[in-house]
Amino acid sequence: MREELLAIIERNSRIDLKELAVILGVEEIDVVNELQTLEEEGIICGYHTMIDWEKTSIEKVSALIEVRVTPQRGQGFDNIAERIYKYPEVTSVYLISGGYDLLVTLEGKSLKEISGFVSDKLSTLDSVLSTATHFILKKYKDHGTILTKKYEDTREKVTP
Amino acid sequence: MKDMLSKQAVGLKPSGIRKFFDIVSEMDDAISLGVGEPDFDTPWHIRDEGIYSLEKGRTFYTSNSGLIQLRQEICNYIKRKQGVAYDPQHEVLITVGGSEAIDIGLRAVINPGDEVLIPQPSFVSYEPCAIMAGGVPVIIELKEENEFRLTAKELEDAITEKTKILILPFPNNPTGAIMERKDLEEIAEVIRKHDILVMSDEIYAELTYKEKHVSIIEMEGMQERTILINGFSKAYAMTGWRLGYACGPREILQQMVKLHQFAIMCAPTTSQYAAVEALRNGDDDVREMCMAYNQRRRYLMNAFREMKLSCFEPFGAFYVFPCIKEFGMTSEEFAERFLAEEKVAVVPGTAFGDCGEGYLRISYAYSLDNLKLAIGKLSDFVSRLRGEK
């Protein structure tokens, strides 16, 4: 049940518990217990909402920043990653294989705010060797959800 | 011109689905639960392979039997799933959907007057195809008390000296019934005893929700007397690609290839390239879609329990087949009124044979949100009907 449960709520965390139990073919109490266990184990880390900010009047700018850093003895990348992820405007930090080390995503109110963050805070960190900032112009798909168009049922209405 | 038309063609009953389709098409805002195809798009990697084949200019006929690499993949697939080996050179034919395989399979084996056993309720094509092949359809009426499975006794009772072939349509459209291993063992025994053929239409094989699908070809002595039909439409959500296949004894396949060659030449080339990709890398897609169908199936069964609508629990395909006998209306009356009053389309059971009277086919090839909306309306409708009594 665990895999199927996770697959469902990854798509729709607001699904009603009773309905969840029905479609999984188990009792509601089992779903409640399993969810609690998953939370305790840190497998479920949160229940967020996907928002397409583009469609609101609220200004938001997001960027991806490639960061090259010097790993520290005994700490590897963990220390520097922590220094970066503590900034609230940073929405994610990944350690990456390949041409650079950390991929940082950032959300701000304006281009200026983001470039300010990069030049004042990120680049000035001791172990940061270089940064490359990419502003996001349009989100087509996010978290497995296509944002640019809605599903349309184009099938014939009745078929054998 | 006098006698312009073929009497046999004219004599065929038009599909009951068609009639209902015409009514529904006139309503713009109807919600439909009447569709016999997946709601998923064909997985992108499969579509991409089709597009790629076009880019590469693979726009010519393939061999009559179909691309050899596709036939090989089909053999690998059947070996993997059923543990039965077929020779890709002589025992596999790629067809235009499972439907073509039904048609030419019957035409390859039927002589005038041969009886074709057709369990119903079932897919709409068997009976007309049997007639056009010169056969005599003999209907076996499946019963809800047997969960719409075919029993050995029902089969035995229908067999005569003229019986040539049994059509075995499981997992079943429209009932969602499946045949489990023990059921098939009993059927196989009767088939062997009377020395008849089987056409096993397993187009919904990937969509079962109990034990894994079992095929009649796994039973002793059955591979050599079975035309196995399957395809890509339901498992890989590829209905529009029109691609199916038949496997069977070399002698029968030889005749089928001949009919196919004269009528069709070969199945669509683009679809064949896409299907190779489906068989090579499509297992995860099938698993995910199957899981989604099962969730919807459970949702519907629970909804029927809550509205106290009688429905046996189906374990295959993507249909449920609830019983509406309590309302004292025919299936058609029920479906028409439901459409008129609630704007929801379901298919009357009678579209799949007379013995579908008293039942409705409800498809769950729809998103849960869509099902919820429609089932809410069904619940209202059912309460209203009960109030009228």
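Which residue of β3(A) does A:Ala63 stand opposite? The views below treat this and other details of a predicted model, in which local features need pLDDT of at least 70, side-chain atom pairs count only at pLDDT 80 or more, and totals for chains, interfaces and linings use all residues. Residues are numbered from 1 along each chain as its sequence is written, while chains are lettered from A and ligands numbered from 1 in the order in which they are written.

**View 1. The open sheet of chain A has the strand order β2-β3-β1-β4.** Its four strands pair in the antiparallel sense (strands are DSSP runs of E, at least two residues, and helices of H or I, at least four, numbered from the N terminus; two strands pair if DSSP finds at least two bridges between them). Because β2 (90-95) and β4 (128-135) each have a single partner strand, one side of each lacks a neighbour in the sheet. The twist averages 20° from one strand to the next (angles run from 0 to 180 degrees between N-to-C directions of axes, which are lines fitted to C-alpha atoms, for helices over the stretch in contact).

**View 2. Strands β1 (residues 61-69) and β3 (residues 102-108) of chain A are joined by seven bridges.** Within this antiparallel pair, A:Ala63 stands opposite A:Leu106.

**View 3. Helix α5 (residues 111-122) of chain A packs on the sheet.** Helix α5 touches β1, β3 and β4 of chain A (contact: C-beta atoms, placed from the backbone, within 7 Å). The direction of α5 makes about 20° with that of β1(A).

**View 4. B:Ile216 has contacts in chain B that include B:Leu168 and B:Val198.** Among the other residues touched are B:Met222 and B:Thr226, not counting residues up to four places away in sequence.

Key: Contact = placed C-beta atoms within 7 Å.
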